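Dear colleague,

Please find below the structure that I am handing over to you. My notes on it follow, and I would ask you to read them with the structure open.

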Amino acid sequence: MAVAQDHASPEGRSSSPFWTIARRDSLAGFLFIAPQLVGIIVFVLIPLGLVFWYSLHEWNVLANTFTYTGAQNYQMLIEDSNLLEVLGATAVFSAGLVVFNLSLALLLAILLNQRLAGITIFRTLFFSPVVVSLVAWTIVWGFLLQKNGGINGMLQVLGIEGPNWLREETTAMISVIVVQVFKNVGLNMILFLAALQGVPNELYEAARVDGAPRFKQFRRITLPLISPTILLTSIITIVGSLQVFAQIAVLTQGGPGLSTTVLVYYLYQQAFQFHFFGYGSTLSILLFLIVAVLTFAQWQMRKRIVFYES
Amino acid sequence: MNYHRALKSAVAALALAMPLGWSCTATAQDAVNLRMTIWSANEAHLKLFNEIAAGFEKDHPNVTVTYESLPFDTYTTALTTQIAGGNAPDMAWIFETAAYDFVNSGALFPLSDTLKATKGYNLEELSASAAERWSKDGKLYAYPFSTSPFAMFVNNDLIKASGAKPPAELIAADQWSWDNAIATASAVGQTGKGGLIVRDFNYQIWQNLASVWNGWGASPWSADGKACTMAEKPMVDALTFIHDAIFKKKAIPGPGENVDFFAGNAAMTITQISRASLLPKENPFAWDLVPLPKGPAGNYALIGQAGLGVMQTGKNAKTAAEFVAYMTNPENSAKLSQFFPSARKSLLNAEVLKKTNPLLSQEQIDKVVISGIATGKVIPGHTGFAQIQQAVRSGLDAIWRPDADIPGTLLKICGQIGPLLKR
Amino acid sequence: MKAELSPRLKTFLYGLMCVLLIPFVFPTWWMATSSVKPISDIFAFPPQLIPESYDWTTYSKVFELQPFVQQYWNSAYIAAVVTIGTMAVSSMAGYAFARIRFPFANTIFMIVLLGLLIPSEVTIVPLFRMFLKAGMVNTHWPLILVPIFGAPSVFATFVMRQFFVTLPAELEEAARVDGLGRFKIFRMIALPLAKPALASVAIFTFLHSWNLFLEPIVFLSSAEKFTLPQALTQYTDAYGGPMWNIQLAAATLTALPVLIVFIIAQKQFVEGLAHTGLKG
C-alpha cells in the first residue's frame, strides 16, 4: 500500500503541494501501524470494553438471564471477605517471583560471563527449561513435589526429611514461585548476560588499577550500567507474574486454604467454576487496573533509579 | 492423580466446545441435529450410544444425533461455559452434585409429559427415591440413567501378606466394621504399601468421603439444604476417625502421597463398581468386591447418579425430549445398564446384572449392587455446589495435618458456607 | 571481570554451576526416563534415576489414543504462521513508532502497549463470543489471528521499536535524498539491519505459540484440531483417571525436538535473544 504511494511521486515533495513530506510520512506511519492498531482495537480494546460491560451485570448462565445491576458487583468486590487474602497471596507471589527470578538470573548471568571452558554447555542447560512446554514442566514438578516424590527422595538420600511441599502454606507458596522461576529464568539470564557483555571492559580495568575489590566493582560499575535492563526485566516479570495461572491450578489449586489463590486464579474460579461471569469480569477489571498502575509506577521510577540510558 | 485433575479443572474447564456437525443444521428446514454432551470418551460406550442414535434416526429420518465428549473432571464447568458462550447443547449429562443447579435454574426442559406419552415407557418403574434429585414440583427434569453404588475393592494378596484378615472373612464372622476395616488397612499400611484409598478424594473432592461418614450418620448440611451440619457430633466423630486413620494408623495415604489401588499398590479402595474395568489384566492380583463396612450408625450405602436432561434453550427441545424417551425406554435401558446401572425396578435383578457385570460374582451383585441401589443415599449436592465445594475444600485443608483442631475447623467452615447454603 | 581466574576459583565456580543445574535439568531427565517406566515404578520412593525395567509400549500408545501426528502438525504450522505473521506486523509497527513522525504517534503507542498489560484470562470470554459469531470456533483462526494482531504481538512490536530507535538517522537521510519511499527504506535498509532483533522476536513468538494452553482449550474441541499442550491433558481413562506413563511419553515427545533444535542452534538462539533491544 505504501509502495504504490511512494511510486506515484518520487519527487512528490516539490511537484505535489498536497503530498508534503510530513503528509506522506503521516500516511506511511498510519499504514505501517494499521495492522497492529486494528488488531489491538479488535482483540484487546473491544473485548476489554465488553468485560467492563459484563461487570455491570448479573449474568446467570443456567437461567439464561443477563440483568443490569449497576455497581453491585463492585460493591460485592469491596465486601468480599476472601479478597484481602487473595490480594495478599498475589502480592507475596509476585514479589517473591520477581526478587527470586531477577537475583537468580543475575547470578547465573555473572557465572556465565566468566571465562571458563565449556561455558556454552552450561548456558544451554540453564536455558533449556524455557523451551520445554509449560504443561509438561508443571506436571513433572507436580510429581516431584509430592510428599513421596522426587525432591523428598533426593533429600532423603542426604538424610533430610523433606516437608509436604504442596500441602503446607509456606512451602506451597515457595513451590509455585520456584517452579515458575526455574522455567523462565533463562530468558532474563540471557538478557542480563547481554547487558553484562555490553559493559566496557576498560571500566573494570580502571577500577582494578584503583584497587577496588570485586564486590565494589560490581556495585559501582556493573549494577548502574545494567540498570535499564533490570528495570525492563522487572516490569516484564511483574506483569508476567500477575498472569501466572496454569501453574497454580496444576500444583496447588490455590490451596492449602487460600494461601496460593492469586488474583488471576480467583478470577478464573469465580467466572468459570462458579459461573459468576459478572463478578469474574469485575475481578478482571481490578486485575487490569493493578497491572496498569504497577507498570506506570515502575516506568515513572526509572527516572530515579536507572542510572544510565543509552 | 491430583495433578491431572487439577490441570484439567484449571484450564480444560474452559473448554467451550463446538460440535462437529454444528454448522450443517441450517441447510434444510426440517433437518434437526441433536447434540448431547457426555463425559465418557470410552469407545464401547460411544458404540452403544451411536447404535441407539441409529435406531432413533430410523424412525425420524430428519434427525441426526451427535455425542460430544467433554473431559470428565471439568465436565460441568465446560458445559456451563458452552452455555455462557451461547452454544448450549440440546441434551446433556448432569452430575448428581450439579443436579440442583440445573433443575432449579429452569435451564432444563421438563420431561415428564414426553416420557409418559411414550408407548411402553413405564415411568412408574423409576423409584421415587432415584428420581428425587431430578424432580421439581412433581415434574422430572432429567432422567437418572445411571445409579451406581459405591463399594470397596480389596487386594487380598496385599492383605494376606500383611497377616491381616481379608474382608470376606470378617464379613463371614459378622465383624465387617469400620474399626476392623481400618485395622486391616493399617496392617498393610505398616508394610509400606497403601492402606485404604477413597478413590478420587485426593484431599480435594471431599464429597466422596460421604462413603465413610454416612456410616456415622453424618452429613454436611440438613436435609432441606438450608443449615450447615458439619460441626455436629456425627461429622466431628467421623472426621476424627478418618483423621486418626490417616495420621495415627497410617491406614489411609496422607495428603500429597500418590498410591494407586488398581496398580496393586494399596489394600483397599472405595469407588463405584463400574471401575472394575480398571482392574489390571496383566499381573492381576487376587481381588474382591465387598459392601462398605458397618459404621457406628449401622449399615449404609452410597450411590452416585448421573442424569440426562434436555436444555430449555435449544430450538429442538421437543425432539430432544423424544430422543431421551427413546434412549431410556426399557429396551435401551437394559442395553445401557451394562455400563450404567439402571434404577428401573425390572432391571434390578441378579440375572440382568450378572449379564452386564461379568467380572462380578452372583454374591457380589446381590450384596453390593442390588442392596446398594435399593438403600443407598445419593452423594451430597446443593444449589451453587461448585462454590460450596471450593469453600469446604479450602476449609478442610486445616484438618489434613497431624495437629488439626477438628471441631474448631468445622465450626469455621460452617461459618463460611452458612450464607451460601441459605441462598 | 575478564581477568584470568585462579584454579581454585574455577573449581568452585564449576561446582556451584553443577549444583545450580540440578533443578534445571533433573525434571526433564525424570520426564524422559519415567515415560518408559511401568506405572508402579513412577511412584517408587526414592525415585529411580535410571529405569529398572523398560516399557516402550507407552510410545506406541501415544499415537494410538490420539491423532498425535496431526496434533504435532497443528502445533508446528500454527507456530510457524504466527511467527512469520508477527515478524511482519511487529517490524512494520515498530519501525513506524521508532522512525516515522505522524500525528498521535505517542498516544497510539501507549494504546498499543495496553496489550502488554492484559492477561488473556481477562478477555477470553468476549473473544470466544466474537469468534463464535464469526463462525471461527473449533478452527485454528483464533490461535493465529489473536497472537499476530492482538496482545501477544505487542511485546514484539516493543522489541522492534527499541531496536529501530538505535539506528543512526543518517542512514535514512541518505536514502531519502536518493528518492526512496518509506516502504523501500524500511524494506531495503532498516529491515536487513534488524536481523538480530527479528531473530529474537521469532524465538519469543514461536515459544509463546508452541506453549499456548488456555486459548486452544477454549477454542478447539475436536481431537484432530488440538495442539500439543492441550493433547497432553487428554491421556486419561474413561473416568478421568490419568495414564501417567503415556502422558509423560507424550510430554517427552513434545519437548525433545524443540530441545534438540535449541541445542543445535543455541548460539543463534541465545545471541538473537540478547538483541532484544532491552538494553536501553
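**Contacts between chain A and chain C**

Two salt bridges are counted between chain A and chain C. Please bear in mind that this is a predicted model. One salt bridge joins C:Arg182 to A:Asp25, where the closest N and O atoms lie 3.0 Å apart. On the side of chain A that touches chain C, helix H3 (residues 21–55) of chain A gives the most, with 23 residues. The residues of that side comprise 72 nonpolar, 25 polar and nine charged ones.

As for the extent of the interface, 106 residues of chain A are in contact with 101 residues of chain C. The size of an interface is often given as the accessible area lost when the parts come together. Chain A and chain C bury about 9400 Å² between them, and 77% of this is on carbon and sulfur atoms.

**Chain A as a whole**

Chain A contains 14 helices and two strands. Its radius of gyration is 25 Å, well over the 19 Å that the globule rule gives for 310 residues, so chain A is more spread out than a compact globule. Along the principal axes, the C-alpha atoms of chain A fill a box of roughly 85 × 75 × 35 Å. Of the 310 residues in chain A, 59% are buried. Among contacts in chain A between residues at least 6 apart in sequence, 65% join residues at least 24 apart.

Yours sincerely

Note on methods. Residues numbered from 1 in each chain as written. Chains lettered and ligands numbered in written order. Predicted model: local features only at pLDDT ≥ 70, side-chain atom pairs only at ≥ 80, totals over all residues. Heavy atoms only, no water. Contact = heavy atoms within 4.5 Å. Buried area = accessible area lost by both parts, 1.4 Å probe. Salt bridge = Lys/Arg side-chain N within 4 Å of Asp/Glu carboxyl O. Helix = DSSP H or I, 4+ residues; strand = E, 2+ residues; numbered from the N terminus. Nonpolar A, V, L, I, M, F, W, Y, C, P; charged D, E, K, R; others polar. Rg over C-alpha atoms; globule rule 2.2 N^0.38 Å. Buried < 20%, exposed > 50% of the residue type's maximum accessible area, 1.4 Å probe, protein only.
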